[in-house]
Number of protein chains: 2
Amino acid sequence: MPARTKLSDTFCPLGRTAEFLGDRAVILILRELFFKSARFDAITRGTGLGPQLVSARLKMLEQHDVVERRPYQQRPLRYAYHLTPKGQDLFDILYVMRNWAEKWAYAPQEVEADYAVQYLHRGCGADVGTEIHCPQCGERLGFGTVKAVLSPALARERLAKQAV
Amino acid sequence: MPARTKLSDTFCPLGRTAEFLGDRAVILILRELFFKSARFDAITRGTGLGPQLVSARLKMLEQHDVVERRPYQQRPLRYAYHLTPKGQDLFDILYVMRNWAEKWAYAPQEVEADYAVQYLHRGCGADVGTEIHCPQCGERLGFGTVKAVLSPALARERLAKQAV
């Protein structure tokens, strides 16, 4: 009988996801990658994390086959980071994390728009709210199907980090 | 103008969720609470984490109003931990974390059943697969609507921890 590959010390699917996604820095780095910030400096600026931490986490994400590194410049050699198909599928998780926060993580007096991040469906333009399927055309939302529009407060915050 | 409540140092919804959910121990503790393991000892056994870590994270989750503590015994005084409505809504996140892992986190030779954790819809009995709406009756799946059936490998693992 073939030996069972030991991908993790647990057989629990949630435990396996938690193993690499149960880390604040990882979630923030993935956010930047979903926002198309592929270069190291942009990821560091957007997350506000130190370069050593970002570098270590990107390496770990490469090992998990969630991120791949590709050169974008030869002299000096510079790499950009891209989500693999396995990484792109994490969209579903990050999207519901955002949905939960939109409902629960803001005090009433903080709210100046319907959402801190509004998502528009690229296919038909509808505001998808916090739905999994586009409320206008019914398409299942996934990686690359929505465009983020930041609230004024969040846009100011990212501008202050020069990370819009 | 009223001062803005500083719930977090970021206005980003994903950042706010990441602030407490970007932690492996927190995700495992929440898993146990979704599995109805409400007592401290059961949570500790099921997660395999040390009691000090579990205690610190439960306290943090209470502060975030995700978990509430209620006495279940007076002499000696003992508490059980329960998800608040805000905590119950985290089901959506943990469910898609499981869905992602079912698709991506297992080597082919590890798989001995369709899913490491099969979810049956309590309403109609259907295997919901990794769908957000029940594929048989269409109900939107959420906290309390599904029953977990562990694969033999995962059931053995939990039995070894005396945490089934």
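How many residues has α6(A), and how far does α6(A) reach from its first C-alpha to its last? The helix has 14 residues and reaches 20 Å, close to the 20 Å expected at 1.5 Å a residue. The expected span is 1.5 Å times one less than the number of residues.

This is a predicted model: local features need pLDDT of at least 70, side-chain atom pairs count only at pLDDT 80 or more, and totals for chains, interfaces and linings use all residues. Residues are numbered from 1 along each chain as its sequence is written, while chains are lettered from A and ligands numbered from 1 in the order in which they are written.

**Chain A overall**

- Chain A has seven helices and four strands. Both are DSSP runs numbered from the N terminus: helices are H or I with at least four residues, strands are E with at least two.
- The order from the N terminus on is α-α-α-α-β-β-α-α-β-β-α.
- The C-alpha trace of chain A spans about 55 × 45 × 30 Å along its principal axes.
- Chain A has 164 residues, and 36% of them count as buried. A residue is buried if 20 or more other C-beta atoms lie within 10 Å of its own, exposed if 12 or fewer, and partly exposed in between; C-beta atoms are placed from the backbone.
- Take contacts in chain A between residues at least 6 apart in sequence: 40% join residues at least 24 apart. Two residues are in contact if their C-beta atoms, placed from the backbone, lie within 7 Å.

**Two domains in chain A**

- The domain assignment gives domain 1 (13-87) and domain 2 (90-160) of chain A. Such bounds come from an automatic or database assignment.
- The C-alpha centres of the two domains lie 22 Å apart.
- Six residues of domain 1 of chain A are in contact with four residues of domain 2 of chain A.
- Helix α2 (residues 24-34) of chain A gives the largest share of the domain 1 side, three residues.
- That side divides into four nonpolar residues, one polar and one charged. Ala, Val, Leu, Ile, Met, Phe, Trp, Tyr, Cys and Pro count as nonpolar, Asp, Glu, Lys and Arg as charged, and the others, Gly among them, as polar.

**Interface of chains A and B**

- Contacts link 46 residues of chain A with 45 residues of chain B.
- α6(A) gives the largest share of the chain A side, 11 residues.
- By class, the chain A side has 26 nonpolar, six polar and 14 charged residues.

- Of the 14 residues of α6(A), 12 are buried. Among them are F91(A), Y95(A), R98(A) and W100(A).
- Cover for these buried residues includes α1, α2, α5 (85-88) and β3 (117-121) of chain A. From chain B, α1 (13-21) and α6 (91-104) take part.

**Symmetry**

- A rotation of 180 degrees with 0.0 Å of shift along its axis superposes chain A on chain B, with RMSD 0.0 Å. Superposition is by least squares on the C-alpha atoms of residues with pLDDT of at least 70 in both copies.
- The two copies are therefore related as by a two-fold rotation axis.
- The same surface serves both copies, as 98% of the contact residues of chain A recur in chain B.

**A strand pair in chain B**

- β1 (residues 67-73) and β2 (residues 78-83) of chain B run antiparallel and are joined by six bridges. Strands pair if DSSP finds at least two bridges between them.
- A hairpin of four residues joins β1(B) to β2(B).
- V67(B) stands opposite L83(B) in β2(B).
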